[in-house]
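Thanks for coming. I will go through one model today, chain by chain, and keep it short.

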Amino acid sequence: MELERKIVAGILMCGVVAVFVVVSVLVKLTGRNPFFVKKKLAVGALLLSLSAIMSGCKGSGPGGIVSCYIPALEERVTIDGIRNGQIFLNRKVTDTLHCIITERLSCHYSVIIMDSLNTVVKNETVFSDTSSSLDDTIIFSIVCEKGITQGTYSLRLYNQVADSVKSVDDYRFIYTLKIVD
Amino acid sequence: MRQKIALRHIIYEVTQECNLSCLYCYNYWRRENEQVRMAHFRDNKRTIHQLLKIIDFDHITFTGGEPFCADGLSELILDCRLKGKSVNVISNGTKGSVEEYATLKKLGVGLLEFPLHSEHASLHETMTAVPGSFEKVVESIRYCIRSGIEVCTVVVLTKVNIDHLEATLAFAQSLGVKHMMLARFNVGGRGIANVNHLMPSKEQLKSAFTVAHEYLKKSSLHISANVCLPECIIRPEDYPAMYISRCSSDVNRRPITVNSFGDIRMCNHSPVTVGSIWDSSIDSIINSKYIEQWHQRPDHCSNCVRWDTCGGGCRAASEQLGYSLWQVDPIVTAMNTVLENG
């Protein structure tokens, strides 16, 4: 049933794309005649609905929440020993960083620690729970074992499980991590 | 092919024109001796297309001025939606028509934000300075909610309306509003000339936050404070149930602002143009010395133990008054506060 819906939507989509192209050309040629502009918006809206059906999304795009005068969610991350984007870890005291995230946007988080040569020295999923509410604050730990020698690293936080991270540059947050023994 | 720069969120000022004359308006072009720059549809079309080409963003907020004053707003939104961007619109709720709202719904606009400063027309209109604006915004809110469009309302807290906050929250809820934003009066634009008339006392502000905090605990209305406040004015831990946002100085964690002509600013409150998409690379703009300055502490906050969570309030507010980023958020001096612990 789902497959049929997508096939029908796909066929319809080809037709609607063709109509959209024609109407867009007419809008241009007529110097944005209001009649054609209206048609373009109507066909464009139909195109968006069809593409939403094809991608299996019933919604109309993410709604927003809020930052400053405008809606936008922003995760809030707190990590032990952080100051101005730098995390200082004294392993004489502990080898564990505790991390708190509020206003989450994801059910999954992973971390990658890279040295100055961009070699990954740690890559793990630190939180994954699809049953939890995004409103819940989460707390997890990142252990920097002795195998990670003292020095300066880049700690990157991702809102995906470790296996899903396609590029190390797809991080949500990046910090400089200084480890001393 | 050159790689696109990834930035999560863009605030797009589609026009500088507005049909209201809000006393608190923070738009920098409403300062004395500034002039409105008129933008045409072709300016916006060209800039939006360039942004879609060079920046990999997820979300765009159309604002102004009043965005419904701009020619072809819906067409520009369609262009963004067809590229998979989520879109919000900040409006004053008095210019858009029912047909325009319906079009935005069809285009999948995620949320419309409207001002609602009071349950009393007279107080709302004292702040907007245009008679009839209350009735129009209430109509817009009602229509959008009835049509299933997500609506968020914002109340700017000034001397004029701050003591009526509880009634305003109740009124918003009675209209079906689910999300209300508290915006402290942030000095800038036309608001500079009206500071004495609008700036509430620290006690009034704290009392309003308490009212809002108590209200949200007993109701389903989601209330948040979205214009960052220095923690020497409002301490977030005193209002634990309320989301109190702060602006990050990291351009990847805050919306950058772009106007119709492609000028980039750190935020919509800042009057300082960092560069233009037409003559600088985005990379050079976001890595410029000026942007770097946003990470630095103002002198006033140099020893403050709360810096990491506070970030110094609104940095752009100092710029609006002609100061540098080394100056503290003007609300600190306006409210005559003494910093504790530093």
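In chain A, strand 3 (residues 86–90) and strand 9 (residues 173–180) run parallel and are joined by five bridges. Two strands count as paired if DSSP finds at least two bridges between them. Helices (H or I, at least four residues) and strands (E, at least two) are DSSP runs, numbered from the N terminus. Within this pairing, F88(A) has K178(A) as its bridge partner in strand 9 of chain A.

Strand 9 of chain A is also joined to strand 8 (residues 151–158) of chain A, by seven bridges, and these two run antiparallel. There, S154(A) is bridged to T176(A) of strand 9 of chain A.

A word on what you are looking at. This is a predicted model, in which local features need pLDDT of at least 70 and side-chain atom pairs count only at pLDDT 80 or more, while totals for chains, interfaces and linings use all residues. Residues are numbered from 1 along each chain as its sequence is written, and chains are lettered from A and ligands numbered from 1 in the order in which they are written.

Now confidence. pLDDT is the predictor's confidence in each residue, from 0 to 100. Chain A averages 82, and 82% of its residues score at least 70. Over residues 57–66 of chain A, pLDDT stays under 50. Where pLDDT is low, the predicted coordinates should not be read in detail.

On to chain B, which has 13 helices and 13 strands. Its radius of gyration, taken over C-alpha atoms, is 19 Å.

How many strands form the open sheet of chain B? There are 11, in the order 10-9-8-7-6-5-4-2-11-12-13, with mixed pairing. Strand 10 (243–244) and strand 13 (273–276) of chain B are the edges, each pairing on one side only. Inside that order, strand 4 (residues 59–63) and strand 5 (residues 86–90) of chain B run parallel, joined by four bridges. T61(B) stands opposite N88(B) in strand 5 of chain B.

Last, two helices. Helix 4 (residues 121–128) and helix 5 (residues 133–146) of chain B pack at about 105°, with their axes, lines fitted to C-alpha atoms over the stretch in contact, 8 Å apart. Angles run from 0 to 180 degrees between N-to-C directions, and 65 to 115 counts as roughly perpendicular, so these two helices are roughly perpendicular to each other.

Notes: Contact = placed C-beta atoms within 7 Å. Parallel < 35°, antiparallel > 145°, perpendicular 65-115°, else oblique. Rg over C-alpha atoms; globule rule 2.2 N^0.38 Å.
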